[in-house]
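Let's take a walk through a protein structure together. Keep the sequence and the 3D view handy as you read.

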Amino acid sequence: MFKRKGLITIEKISVDEESLLGSILTGGGDDFSDEDDVYVVESAPDQMITVREQLEADGFSVKSSEIMQTPQSSVSVEGETAKRVIQLLEVLDDHDDVQKVSANFDVDDAEIEEVS
């Protein structure tokens, strides 16, 4: 249901995408995506540190890096079910013993705002 991935965020400050891709591949990373103000680099969990070190050695500004559980498929929820799922995630996230919450649901942004 979930797959572990190493995710590294790189600040976009004067980054050449070809150089970035070359650095990622040299370090053993898989790919990267362009999101708002950062690039998100994907790698296998056991390669994340190597990829991060390569990026830093090549002069890229690493903002963060972590191992994430990413969903392989998602389930669309709406209405009352969406409200319950969002409330459950908020309760879990606020619990002192919970460090991280992963989910595989897809909810319309308007419904998220309505519940929040």
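Predicted model: local features only at pLDDT ≥ 70, side-chain atom pairs only at ≥ 80, totals over all residues.

Residues are numbered from 1 along each chain as its sequence is written, and side-chain values use heavy atoms, with hydrogens and water left out.

Start with Ser 23, which sits in helix α1 (residues 17-27); helices are DSSP runs of H or I with at least four residues, strands are runs of E with at least two, and both are numbered from the N terminus. Ser 23 is buried, because its relative accessibility is 2% (buried means under 20% relative accessible area, exposed over 50%, partly exposed in between, with a 1.4 Å probe and protein chains only). Leaving aside residues up to four places away in sequence, Ser 23 touches Gln 54, Leu 55, Asp 58 and Phe 60, where contact means heavy atoms within 4.5 Å.

Next comes Val 85, part of helix α3 (residues 79-94). With a relative accessible area of 23%, Val 85 is partly exposed.

Now hop to Ala 103, in the loop between α3 and β6. At 31% relative accessibility, Ala 103 is partly exposed too. Beyond residues up to four places away in sequence, Ala 103 touches Phe 2, Pro 71 and Leu 89.

Last, look at Asp 108, in the loop between β6 (105-106) and α4 (109-115).
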